[in-house]
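Keep the viewer open beside you and try each task before reading its solution.

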Amino acid sequence: MAEVPHELRPLRHREHPFVDNNASSPTLVDGLASDKVGHQRASSVTGLRCTCYTLHAILVFIHVTLLVLRMSRLDHHAIIKPEHDVYIPYIHLSLHISNNVAANGLTATLQTIFTLYATALVATTQQLALHHNLLLRQTLTATHDKSAAWNGLGAALLVFWQKPKAAVCGVVLIALYLCGIAGVNITSPLLLSLDTFLDTFHVNKHTQYGMQNLTDFPLEPYWNTATALVRAVGGFTEMPTAGLQDATLYETLADKAAFGNATVNAVTFTAQCHSFPNISTTVADDSSYDITVTYESGRDFSYYSLYPLYENVTYAIDAYGKTVTLLTTPPILDVHGDSGSTFDVPSPFVDSQSMTIQITTCVLSVINQTAVINVQTNALTDINRTPSPTDSTWTPLQSGLTGTYDHRLNWFQDAWGWSSLSTDYYTPMACSDCFLSFLDEYIMSFLGRQYNESAANLTAVSTTPNTLNELEAAVAHVASAAAWAVLTTSGYYNKSSGRTSVTHADLKSRLNINTVPVAIGFSISIILLVLSVWLTREPPSLFPDSEVQVANAVCSGGILEVIWLSSRHSTVQKGIIGVQHPSSPELRKAGLFPVVLGRVGGEDYVERGSGLPEGE
């Protein structure tokens with residue numbers, strides 16, 4: 001190869017509008033100055049290449065870090081409240097940020113950051129790739145196609161389909177790189193998200209209701225209202241009665257900010273009704289009567305000034321401690337068909353006929369239990385229920401059952417003694433204060449007894465005979481309802497000292513790294529790094545002073561640069577100027593000759609075929 005002189009002149013074999021024939025030749029001083037600038041530009045290109053590779057390596061590192069954090073689940077340690085306030089100093093402004101706003105803000109921030117980052121990747125890679133493209137010995141059409149492909153993904157696809165094809169591989173690589181950049185923009189908003197979850201933990205919570213020692217509270221002023229509530233509960237089954245179900249009184253939670261179920265204390269009321277071994281009655285002229293009953297132990301007890309009952313009436317004549325004595329007609333039968341203790345009095349409806357009335361004393365008791373409730377609704381979900389007896393029989397009452405003091409149940413007598421009265425009479429006789437109480441009517445409602453004022457026609461209201469088991473269940477239910485109602489109306493329901501462990505749940509948000517988008521982004525970042533190294537690699541040495549010459553070369557493919565470069569290459573001028581119809585196929589055919597377009601003044605080497613490196 002002949003030695004290339006330092007001073008080169010453009011060929012002037014003919015006039016051409018792209019060539020200034022009057023241009024002066026560069027001097028040696030100009031060449032030395034150009035060499036100095038060339039070394040500076042070479043350093044600049046090297047720095048830009050290092051920046052390009054560093055940016056791509058950082059992108060890979062970001063995705064690797066996210067994958068490591070996801071696999072170790074460290075991302076879930078970043079927990080924030082779903083609703084939080086942000087205070088902006090100096091302007092004294094407090095902003096309330098919801099979880100939805102925070103999630104949208106995170107997505108927008110990620111998209112903005114990665115969009116700017118992708119712009120930097122494209123800017124550095126494109127400039128270095130064009131620099132590399134202009135310094136390769138390849139056809140002019142190939143140089144054109146690669147430069148045009150960097151105008152965008154759409155332009156790269158259009159170039160790929162044009163014929164004749166000149167640089168298929170190069171255009172595909174550029175299009176693949178631009179697709180990777182698009183993939184980064186797509187996956188970046190999906191890398192991180194805020195997931196809402198329930199943060200559960202166990203705490204002890206205060207309970208209310210439950211079976212408290214009601215004798216410790218001054219309840220007299222509240223029984224009147226409480227028994228009216230009992231009657232309402234019996235008449236409207238849809239009423240909310242948290243803490244009461246059937247004959248069971250159970251604890252509830254005052255604070256419902258919890259999750260799942262909780263185990264609480266509960267009591268179930270039971271009752272046992274007894275007969276008397278002996279009954280004697282004395283009827284007065286006004287049709288009232290006195291009753292004397294005898295306990296099994298031989299002790300007598302009397303009740304005075306009682307009146308006949310309407311049909312289907314159950315009426316409490318006495319309550320003492322945990323017992324209540326009832327009159328009822330028609331009599332209630334046990335499992336053997338026995339009616340227990342009954343007596344006859346003259347019928348107030350039909351002369352010369354009698355009415356059979358039953359008398360019984362029911363004794364209250366409780367069973368301590370544990371129950372499971374739903375902490376959100378306080379509804380009873382599970383309890384070890386004692387099976388209700390189905391074979392109760394009438395047994396004589398022992399005097400000791402009524403005289404034993406029970407501090408947990410002696411309030412029962414106050415419930416009957418202070419009960420509200422209804423407007424219904426229990427007797428057809430002229431009696432100004434012979435009203436049924438609301439507790440009487442609750443028992444009648446539980447037994448399904450329809451009040452009948454006309455006992456002369458016993459078929460006016462049909463009544464299914466009640467059993468002793470049903471009566472005992474009715475007394476137990478009225479006791480539990482009375483205890484619940486007086487706690488509710490008095491406000492003492494919250495005096496309970498009980499506590500239970502519940503699973504508390506707070507709604508929070510935590511940072512979540514989405515595995516699939518991160519894995520896709522990691523693959524894309526690796527591909528981008530490899531493509532950037534290949535597309536922007538240092539061009540092969542073209543001539544002895546290649547470092548300076550390469551740095552002095554034009555590194556862009558804009559219209560101004562192309563016009564300038566064409567004016568310095570006689571080969572380009574000769575190949576293109578002869579095209580008569582400048583259509584894209586004709587121009588592409590005309591450009592199928594080799595040239596190093598970016599090197600200024602080197603067309604001699606190209607024309608002589610001096611072994612310059614071939615392009616891709």
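**Exercise 1. The chain as a whole**

How many helices and strands make up the secondary structure of the chain?

Solution. Bear in mind that this is a predicted model. The secondary structure comes to 16 helices and 20 strands. Next, look at burial: 44% of the 616 residues in the chain count as buried. Finally, turn to the contacts with a separation of 6 or more: residues 24 or more positions apart account for 74% of them.

**Exercise 2. The length and faces of helix 11**

Work out what span helix 11 should have, then find which of its residues are buried.

Solution. Start with the length. Helix 11 covers residues 515–535, which is 21 residues, and at 1.5 Å a residue it should span 30 Å. The expected span is taken over one less than the number of residues. The end C-alpha atoms of helix 11 are 30 Å apart, so the model agrees with the expectation.

Now list the buried residues of helix 11: Pro517, Val518, Gly521, Ile524, Ser525, Leu528, Leu531, Ser532 and Leu535. Looking down the helix axis, you find these buried residues within an arc of 150°, so they line one face of helix 11. Val516 and Val530 are exposed, and they sit on the face turned away from the buried side.

**Exercise 3. Helix 5 against helix 11**

Describe how helix 5 and helix 11 pack, and name residues that meet.

Solution. Helix 5 spans residues 168–187, and its axis lies 9 Å from that of helix 11, at an angle of about 150°. Angles over 145 degrees count as roughly antiparallel, and therefore helix 5 and helix 11 are roughly antiparallel to each other. Their crossing is left-handed.

**Exercise 4. Helix 9 against helix 10**

Repeat the analysis for helix 9 and helix 10.

Solution. Helix 9 (residues 438–447) and helix 10 (residues 468–490) have axes 9 Å apart and pack at an angle of about 135°. That makes helix 9 oblique to helix 10. The crossing of these two helices is right-handed. On the helix 9 side, the contact is made by Leu439, Tyr442, Ile443, Phe446 and Leu447; the helix 10 side includes Glu470, His477 and Val478.

Terms used: Residues numbered from 1 in each chain as written. Predicted model: local features only at pLDDT ≥ 70, side-chain atom pairs only at ≥ 80, totals over all residues. Heavy atoms only, no water. Helix = DSSP H or I, 4+ residues; strand = E, 2+ residues; numbered from the N terminus. Buried < 20%, exposed > 50% of the residue type's maximum accessible area, 1.4 Å probe, protein only. Arc of directions from axis to C-beta. Axes fitted to C-alpha atoms, helices over the stretch in contact; angles between N-to-C directions. Parallel < 35°, antiparallel > 145°, perpendicular 65-115°, else oblique. Left-handed = near helix turned anticlockwise from the far one by under 90°. Contact = heavy atoms within 4.5 Å.
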